[in-house]
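Look at the sequence and the model first.

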Amino acid sequence: MTAELDPRPEALPQRVWDSVQRDQLPPVDDRDRMRLVMNNLVLHIHPSKVSKPTLRFTYTWGLGGLSLLLIAILAGTGVLLMFAYTPSPDQAYSDMLALQSTVWYGQLLRNLHHWSGNLLVVVTFLHLLRVFFTGGFRTPREFNWVLGVAMLLLVVAANFTGYLLPWDQLAYWAVTVGSSLMSYVPLVGEPLRNFLLGGPEVSGATLTNFYGLHVAIIPLTLLGIASFHIWRVRKDTLSIPHNVDGSLPEPNTKVTTVPHLVSREFVFALVMTGLILMWSVWVNAPLEEAANPDHSPNPAKAAWYFMGLQELLLHFHPTFGAIVIPVLALVALALIPYQRFDLSAEGIWFRSRRGRQMAVVAVIAGLVLTPALVLLDEYWLDLPELLPSLPTIIANGWVPLAALLLGLLGFYEIMRRAFRATACETRQSLFILLVVGFVVLTVIGVAFRGEGMALMWPWEVLS
Amino acid sequence: MWKKAIVAVLVLTIAAAVVVAVIDNLPSASAADQPVAEATAVPTATGNRFGAGGQAAGQAAGQHGQDNQGSGAAVQQELNQSVDNVGEAWSAAVTVAELGDVGMHVTLEDGTPLYIELGPSFFWQEQGTLEPGDIVTVDGFYNGDQYHAASITKADGTLLALRSETGQPLWSGGASNAGGAQHGDQANGGTGEVQVAPEDWVTLDATVLTVNRNGLTIESADGETLALSFGKASFWQEQAVQFAAGDAVTIQGFWQDGQFQTGQVTKVATGERILLRDPNGRPLWGGPGRQGGNGGQGGHSAPVTG
Ligand code: HEM
């Protein structure tokens with residue numbers, strides 16, 4: 001009797017290749033394709049079949065996926081940067097110079113990390129907007145929205161801590177300004193700031209703290225929450241896009257993830273990687289002179305994503321500008337999915353036809369009203385002077401906030417009546433008004449504030 | 001239900017604010033144009049904007065009766081010459097931006113920059129430290145063209161005392177020549193808010209006093225002592241020009257925000273020189289990244305106005 005021999009029809013390389021994947025490659029039918037997803041560690045973040053309408057690019061714009069791609073790029077380039085960087089005030093800046101001049105592809109590496117980091121803030125925010133405007137936060141996805149808000153904060157925190165590491169003038173003073181916002185918090189603000197900075201001011205201890213946060217704590221937390229976020233997307237499935245009349249754009253059939261979803265993701269990731277690479281080849285990340293604690297630039301500005309906040313501080317008492325308003329806004333943002341929602345609006349961009357018209361009105365209102373209010377406060381209205389007998393925290397804090405809130409409620413009522421709109425549509429227009437307002441404030445802070453944070457007219461900016 | 005309550009609170013707030021505004025402004029508007037005029041002269045930091053400062057303002061004004069003197073510009077001008085006219089009591093919470101020899105540049109809560117005179121630094125340094133970025137409360141005086149600090153309270157409660165309640169400088173032991181001294185210091189331009197276009201290069205002939213890691217201390221031909229900081233230490237030291245105390249040097253640079261920014265230093269005896277900045281005034285130690293990158297939204301901290 002002969003022993004039963006292993007049939008060996010293939011050559012050795014083929015057999016090695018086959019052994020990598022648990023299933024036969026290439027898959028020959030849908031069952032194979034589904035098994036491929038289920039049995040693969042990476043692809044397993046996807047369900048084995050997805051609903052066909054959700055594949056349209058103009059539904060998600062690939063923004064969640066792009067956030068993941070950017071996080072991956074950041075992790076990769078970040079680890080490489082760690083080889084060329086020492087977090088000490090004596091060493092950090094000259095390390096940056098050496099990185100840019102003597103390390104092979106050092107400048108490119110730094111550019112990739114810098115631009116991906118900034119882009120991530122933008123993309124995460126856009127992803128939030130996409131989810132909001134398609135009603136993607138509807139039951140059962142409310143908690144995933146809350147996780148998203150947490151991740152947005154982490155992304156900003158990662159950026160802020162990274163900002164300090166080059167130890168140049170920009171880094172030093174942006175962090176000095178940014179962290180001084182914190183000291184406005186009553187009671188705990190000062191101790192908290194001292195804890196974070198490792199002392200009363202930005203110093204070597206701050207660099208140590210920020211470095212630890214930037215390379216370990218924040219990325220790990222972000223990774224943890226992101227995994228959970230993706231897992232929830234997989235379990236809750238993506239919301240299904242609908243036409244504005246409520247019909248489905250195409251029959252809601254299911255297709256296998258391989259190749260329908262995976263190939264799209266792959267192409268998109270490739271194109272985006274290419275674009276980011278090209279941008280980073282052409283545009284260098286800024287590096288100023290070495291940090292000089294004795295000499296602040298004028299104006300000393302925070303990082304761009306904090307400029308909306310810094311602008312707010314120019315108009316409100318610090319307790320309101322730095323604490324009350326941002327906290328209110330964040331709490332409201334996190335609670336959005338727990339508001340009542342029109343079931344029929346899920347998956348429809350901007351809720352409905354009426355929702356779209358109202359959105360246009362809200363954008364215009366935001367674009368007009370925000371600069372108008374800034375100018376009003378800058379040139380005409382001086383509340384503390386008008387109300388000398390009240391403490392500034394009231395005169396320049398609670399009073400203008402109350403006026404603002406009343407204005408927003410008024411806007412809500414006017415929109416609701418003018419359009420005979422549902423609460424859901426009206427809330428959307430209010431959200432748009434506030435988002436546009438925030439973006440306009442950021443633009444004013446970044447581009448229209450000159451020396452001493454004085455307001456500049458567009459022609460002064462250009463000259 | 002609670003929606004109505006919120007609206008009611010908001011409406012009440014606004015209504016109350018309007019009432020207070022009317023009450024606050026009615027009598028004062030008729031009784032005195034004067035305070036109003038002064039308020040516009042000091043647009044962003046009237047004493048009453050800050051609770052404690054308001055009281056200080058009241059007290060000091062009471063003792064001095066200087067309220068009346070603010071009336072005419074001519075009178076004011078004249079008073080400026082007189083020794084102890086430091087002006088109206090004034091107070092503000094400020095963020096320290098930069099420390100000079102006899103004063104500091106600060107920004108007010110709303111971002112307005114100010115220069116506040118502190119007197120000689122040795123005097124207040126004995127009492128504590130001030131650092132750029134500190135948020136402090138300044139009680140002091142404003143006479144229409146200069147702010148003088150009388151006391152500075154730091155966030156941790158430390159108090160630096162500089163002048164008496166009546167404005168007499170504590171460092172000189174009396175009022176005798178304080179005014180003259182400060183104005184003299186100011187005139188030197190060492191601390192004034194000089195905004196230099198990079199083409200405003202100046203050349204100094206000087207003698208080296210000391211050499212240190214950061215740069216040189218020099219005495220210029222007209223007797224002024226300057227501590228020059230040359231930016232990144234390794235950058236200029238690599239240029240391998242040996243300076244020693246007593247060397248005659250020629251320095252080209254420009255004044256910016258009260259700091260002398262050095263562009264190049266030439267040793268007269270040998271003609272050797274070190275280069276620190278390009279003709280646009282940009283530091284050469286910034287590396288290749290500086291010229292290449294246009295910075296995008298990261299932005300350069302100093303507005304590029306040229
Ligand atoms: C680093 C940050 C983030 C990453 C990596 C991420 C990743 C993703 C991915 C890959 C998806 C799948 C669909 C898509 O691409 O749109 C998704 C969906 C979703 N994300 Fe995020 N996200 C992030 C931040 C946020 C934020 C800031 C929010 C909102 C506050 C949010 C809320 C949601 C919700 C509710 C869904 C489900 C949408 C639907 O079913 O239509 N995410 N996220």
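Q: Is His127(A) buried or exposed?
A: This is a predicted model. Buried means under 20% relative accessible area. His127(A) has 18% relative accessibility, so His127(A) counts as buried.

Q: Which residues of chain A coordinate the iron atom of the ligand?
A: The donor atoms from the protein are NE2 atoms, at 2.0 to 2.1 Å. One residue lies in helix 6 and its partner in helix 10, so the pair ties together parts 102 residues apart in sequence. The residues are His127(A) and His229(A).

Q: What is the geometry at the site of the iron atom of the ligand?
A: The site has six donor atoms. The angles among them run from 86 to 179 degrees. The geometry is octahedral.

Q: Where in helix 13 of chain A does a kink lie?
A: The bend is about 25 degrees. The kink comes shortly before the proline Pro326(A). It lies at Val324(A).

Q: Which residue forms a salt bridge with Glu311(A)?
A: The closest N and O atoms are 2.8 Å apart. Glu311(A) is in helix 12, and its partner is in the loop between helix 17 and helix 18 of chain A, 138 residues apart. Both residues are buried. The partner is Arg449(A).

Q: How many residues apart are Glu413(A) and Arg416(A)?
A: Their side chains meet in a salt bridge at 3.2 Å, N to O. Both lie in helix 16 of chain A, about one turn of the helix apart. The separation is three residues.

Notes
Residues are numbered from 1 along each chain as its sequence is written. Chains are lettered from A and ligands numbered from 1 in the order in which they are written. This is a predicted model: local features need pLDDT of at least 70, side-chain atom pairs count only at pLDDT 80 or more; totals for chains, interfaces and linings use all residues. Side-chain values use heavy atoms; hydrogens and water are left out. Donors are N, O and S atoms within 2.8 Å of the metal (3.2 Å for Na, K and Ca); water is not among the atoms, so sites may look incomplete. Four donors count as tetrahedral if all angles lie between 85 and 135 degrees; four count as square planar and six as octahedral if opposite donors are over 155 degrees apart and all others between 65 and 115; anything else is irregular. Helices (H or I, at least four residues) and strands (E, at least two) are DSSP runs, numbered from the N terminus. Buried means under 20% relative accessible area, exposed over 50%, partly exposed in between (1.4 Å probe, protein chains only). The bend at a residue is the angle between axes fitted to the seven residues ending there and the seven starting there. A salt bridge is a side-chain nitrogen of Lys or Arg within 4 Å of a carboxyl oxygen of Asp or Glu.
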